Amino acid sequence: MKFGKLLREQQGGWILLDYKRLKHVLKESPHTFTDELWGGIATVNAAFLEGERHLVSQLSVQTAGERDCSDFLDEVRQLYRSTVLNYIACLKIVKKHDKVRLPGVAPLRPQVRPSPAMRHVRKMC
């Protein structure tokens with residue numbers, strides 16, 4: 001299955017990197033790609049932090065016993081899944097950029113360093 005299609009199917013209410021639009025920007029106007037990518041990453045990061053804040057606030061409710069544990073764990077899994085999908089999307093689009101980049105444009109891969117926690121995900125790309 002193509003990654004872009006997988007990404008669209010897995011959205012599930014979370015904000016994901018707009019992989020299709022970034023591919024289009026890379027093809028049509030590569031000189032603006034870096035700004036578009038960092039803007040997308042900032043948007044995704046803000047959504048992740050909001051989701052994390054929500055889960056932390058729900059954790060206090062969870063410890064008070066007012067909420068089913070399985071619902072909370074499901075939300076944690078969804079946030080984790082969206083994080084992994086965004087990470088893979090970022091790696092894949094940066095790899096495409098570096099493959100088709102214009103002469104004189106620095107590669108982006110050294111700037112997008114994999115975190116130690118995501119090493120197992122890198123093998124999936």
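Among contacts (heavy atoms within 4.5 Å) in the protein between residues at least 6 apart in sequence, 61% join residues at least 24 apart. This is a predicted model, in which local features need pLDDT of at least 70 and side-chain atom pairs count only at pLDDT 80 or more, while totals for chains, interfaces and linings use all residues. Residues are numbered from 1 along each chain as its sequence is written, and side-chain values use heavy atoms, with hydrogens and water left out.

**View 1. The whole protein.** Helices (H or I, at least four residues) and strands (E, at least two) are DSSP runs, numbered from the N terminus. Of the 125 residues, 31% count as buried, where buried means under 20% relative accessible area, exposed over 50% and partly exposed in between (1.4 Å probe, protein chains only).

**View 2. Helix α2 beside helix α4.** The axes of α2 (residues 19-28) and α4 (residues 69-100) come within 11 Å and cross at roughly 10°. Axes are lines fitted to C-alpha atoms, for helices over the stretch in contact, and angles run from 0 to 180 degrees between N-to-C directions. The two helices, α2 and α4, are therefore roughly parallel to each other (angles under 35 degrees; over 145 is roughly antiparallel, 65 to 115 roughly perpendicular and the rest oblique). Tyr19, Leu22, Lys23 and Leu26 of α2 meet Ala89, Lys92, Ile93, Lys96, His97 and Val100 of α4.

**View 3. The largest nonpolar core.** This core has 12 residues: Leu17, Tyr19, Leu22, Val25, Leu26, Phe33, Leu37, Val44, Ala89, Cys90, Ile93 and Val94. A nonpolar core is a set of buried Ala, Val, Leu, Ile, Met, Phe, Trp, Tyr and Cys residues joined through side-chain atoms within 4.5 Å. Leaving aside residues up to four places away in sequence, Ile93 touches Tyr19, Leu22, Lys23, Phe33 and Leu37.

View 4. Phe33 lies in α3 and counts as buried because its relative accessibility is 0%. Its C-alpha atom is separated by 8.9 Å from that of Lys23, 10 residues apart along the chain. Gly40 is also placed in α3 and, at 13% relative accessibility, counts as buried. Between the C-alpha atoms of Gly40 and Tyr19, 21 residues apart along the chain, the separation is 9.3 Å.
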